[in-house]
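Thanks for coming. I will keep this short and go through one model, element by element.

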Amino acid sequence: MSRERPTGKVRQEKLRVGVLASGRGSNLQAIIDAIEAGRLDARITVVLSNKKDAQALDRARRHGLTDVFFDPKPYAGQVDGRDAYDRAVLDVLRKYDVELVLLAGYMRIVTPVLIRAYKDRIMNIHPSLLPAFPGLEVQKKAVDWGAKIAGCTVHFVTEGVDEGPIIIQAAVPILEGDSAQTLSARILQQEHRIYPRAVQLYAEGRLRVEGRRVCVAGASDTEMGALVSPSS
Ligand code: GRF
């Protein structure tokens, strides 16, 4: 389907997306569901995992998508093993003509090999309001810190981990009595809303990276915009 974009560009074909995932794959599922529901003008051409038994690969297969397990073990002993692995991943992404790469619970640090080849074309979803709480187990860190607002962030991937320009964030209140688990579950619901939105904005040619900032063309803060507040 082609559509007139606010930028004036017309896409003749659906955006070709590649998803890298290591585990459960609920964000992958949210992307698949949005595509199947017609809310996302994209096509997943490949789902790649570094984990053979990743549930994400099962989800891909169930929806008739191409799934690839790419074993990191043979690269582990090599001096530039991480780069070599990412060069091989890059070959897979190119083979499947991927335009935009989505990290969805991908538990590897992506090297400059991929980041430079896909500059401003790799997105990640992170379960905190960056720049607060980068890294791992961040829902627990937010609860332990006594923060009142947590949330999630979709951002472009740059060479600094969890540091790239922010596309969309959703705020999630931390309630009295919240544990890392209960908070994670509520954040996850918001992740599933904002990731497909971010990809749709990209598909519509509405995202422009200017330094640290991502400008969203034609967006108000509440409708298809860059902020999802608890009530929206
Ligand atoms: C999500 O919380 C995401 O924010 C983080 O890893 C988790 C992946 O979950 N990067 P899933 O595999 O998408 O269910």
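This is a predicted model: local features need pLDDT of at least 70, side-chain atom pairs count only at pLDDT 80 or more; totals for chains, interfaces and linings use all residues.

Residues are numbered from 1 along each chain as its sequence is written, and side-chain values use heavy atoms, with hydrogens and water left out.

Elements first. Helices (H or I, at least four residues) and strands (E, at least two) are DSSP runs, numbered from the N terminus. Buried means under 20% relative accessible area, exposed over 50%, and partly exposed in between, with a 1.4 Å probe and protein chains only. Contact means heavy atoms within 4.5 Å.

Start with helix H1, residues 26-36. Eight of its 11 residues are buried, so H1 is largely enclosed by the rest of the structure. The buried ones are Ser26, Asn27, Leu28, Gln29, Ala30, Ile31, Ile32 and Ala34. What do they pack against? The partners are strands E1 (15-20), E2 (42-49), E4 (100-103) and E5 (122-126), together with helix H2 (55-62) and H7. After H1 comes glycine 38, with a positive phi near 80 degrees.

Now the helix pair. Two packed helices are described by the angle between their axes and the distance between the axes. For helix H6 (residues 138-145) and helix H7 (residues 180-203), the axes come within 9 Å and cross at roughly 120 degrees. Axes here are lines fitted to C-alpha atoms, for helices over the stretch in contact, and angles run from 0 to 180 degrees between N-to-C directions. That makes H6 oblique to H7; under 35 degrees counts as roughly parallel, over 145 as roughly antiparallel, 65 to 115 as roughly perpendicular, and the rest as oblique. On the H6 side the contact is made by Gln139, Lys140, Ala142 and Val143, and on the H7 side by Ala180, Leu183, Ser184 and Ile187.

Alanine 180 is buried, at 18% relative accessible area. Leaving aside residues up to four places away in sequence, alanine 180 touches Gln139, Lys140 and Val143. Alanine 180 and valine 143 are 37 residues apart in sequence, with 6.5 Å between their C-alpha atoms.

Next, the rings. Rings of Phe, Tyr and Trp (its six-membered ring) pair if their centres lie within 6.5 Å; planes under 30 degrees apart count as stacked, over 60 as edge-to-face and the rest as tilted. The count by this rule is four aromatic pairs. One of them joins phenylalanine 70 and tyrosine 85, edge-to-face, at 5.5 Å centre to centre and 65 degrees between the planes. Phenylalanine 70 is in the loop between strand E3 (67-69) and helix H3 (73-76), and tyrosine 85 is in helix H4 (residues 81-95), so the pair ties together parts 15 residues apart in sequence. Both residues are buried. Ring pairs link Phe70, Tyr75 and Tyr85 into a cluster.

Last, the backbone. Most residues other than glycine have a negative phi, and most peptide bonds are trans. Leucine 130 and proline 131 are joined by a cis peptide bond, with omega about 10 degrees. Proline 131 is in the loop between E5 and H6. Aspartate 162 has a positive phi, near 60 degrees. Aspartate 162 lies in the loop between strand E6 (149-156) and strand E7 (166-173), and at 15% relative accessibility it counts as buried.
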